[in-house]
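Reader: Please walk me through the packing and the pockets of this model, with cut-offs stated.

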Amino acid sequence: MSKVLGIDVGGSGIKGAPVDLEIGDFAEPRLRILTPEKSSPKNVVAVLREIVDNFTPTIGDGPVGISFPAPARHGVIPFIANLDQGWAGLHAEDYISDALGRPVTVLNDADAAGVGEVHYGAAKGVPGVVILTTLGTGIGSAVINNGILLPNTELGHLEIDGHDAERRAASSVKDRKNMSYKDWATKRLQRYYEVVEMLFSPDLFVVGGGVSKDHNKFFKYLNLETPMVPAKLLNRAGIIGAAWQARWRLDHPDVPEEQIVEAAKKAEDAD
């Protein structure tokens with residue numbers, strides 16, 4: 001099965017396309033549908049079903065990977081900011097899988113972009129630890145070690161010098177304060193990346209987000225030991241990465257959830 005459906009759920013639009021995993025690109029043009037005004041699980045799933053039905057002739061009964069604007073812990077959305085609060089606490093993977101009648105993998109949108117860049121984009125072939133950061137309204141992050149994702153890292157919320165990092169270093173801050181690229185890089189980004197570098201000793205930084213297209217205007221002001229490159233897949237990364245992760249999950253099933261719960265209970269009892 002070389003073609004797997006990837007879907008990117010956003011606050012304004014839900015986009016999907018079958019991905020040819022042999023080449024890491026769309027097998028057909030993507031389909032975009034507006035996110036329902038009331039973005040409840042029921043309403044969003046109706047859109048997901050429409051996208052799945054549209055591409056079923058290509059993907060058959062294969063799995064679906066879904067990039068989601070929230071953390072996804074063993075399939076559960078612990079909290080949500082950009083969609084209806086009905087998602088908070090929901091086991092999204094089970095809910096969506098039951099509705100679509102097929103295996104579903106849900107992962108954070110920055111994680112999906114990171115997976116896409118590692119396997120098909122700017123970090124393809126790079127061994128070791130790759131950290132992708134998306135600079136936008138906030139700072140999203142993905143950490144991948146030798147192709148394996150460490151999910152749900154929120155490195156944009158590191159506390160640095162007493163501040164939430166993304167409130168000082170996101171590209172939205174540069175725009176809001178009308179900062180030059182030089183000032184933003186030297187006074188905000190440098191401190192952020194040097195702390196992440198110290199904590200993780202990565203082999204490569206990949207920088208995504210819309211501002212990455214202007215990387216030549218600010219990379220030159222950063223003084224880091226870790227090489228830094230702009231993302232390549234841009235707005236295709238989430239769909240491609242989600243599809244890859246869905247295929248990987250099918251080949252590498254998680255430890256059953258009941259075992260995770262049992263292990264946690266044993267650890268609690270041991271205390």
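**Packing and pockets**

Author: Tyrosine 193 is buried, with a relative accessible area of 0%; buried means under 20% relative accessible area, with a 1.4 Å probe and protein chains only. This is a predicted model, in which local features need pLDDT of at least 70, side-chain atom pairs count only at pLDDT 80 or more, and totals for chains, interfaces and linings use all residues. Residues are numbered from 1 along each chain as its sequence is written, and side-chain values use heavy atoms, leaving out hydrogens and water.

Reader: Why is the pair of tyrosine 193 and phenylalanine 205 edge-to-face?

Author: Rings of Phe, Tyr and Trp (its six-membered ring) pair if their centres lie within 6.5 Å; planes under 30 degrees apart count as stacked, over 60 as edge-to-face and the rest as tilted. The centres of tyrosine 193 and phenylalanine 205 are 5.1 Å apart and their planes are at 65°, so the pair is edge-to-face.

Reader: Which parts does this pair tie together?

Author: Helices (H or I, at least four residues) and strands (E, at least two) are DSSP runs, numbered from the N terminus. Phenylalanine 205 is buried, with a relative accessible area of 0%. Tyrosine 193 lies in one part and phenylalanine 205 in another, 12 residues apart in sequence, so the parts tied together are helix 6 and strand 12.

Reader: What is the volume of the largest pocket?

Author: On a 1 Å grid over the protein atoms alone, a pocket is an open set of points where a 1.4 Å probe fits, with protein on both sides within 12 Å along at least five of seven lines; lining residues have an atom within 4 Å of a point. Here 45 residues form the lining, with Pro69, Asp109, Ala110, Thr134 and Gly140 nearest the centre. Grid points are joined across faces, edges and corners, and the volume is the space filled by probe spheres set on them. That gives about 1,200 Å³.

Reader: Which element gives the most to the lining of the largest pocket?

Author: Strand 7 and strand 8 are among the elements that each supply at least two residues. With four residues, the most comes from helix 3.

Technical notes. Buried means under 20% relative accessible area, exposed over 50%, partly exposed in between (1.4 Å probe, protein chains only).
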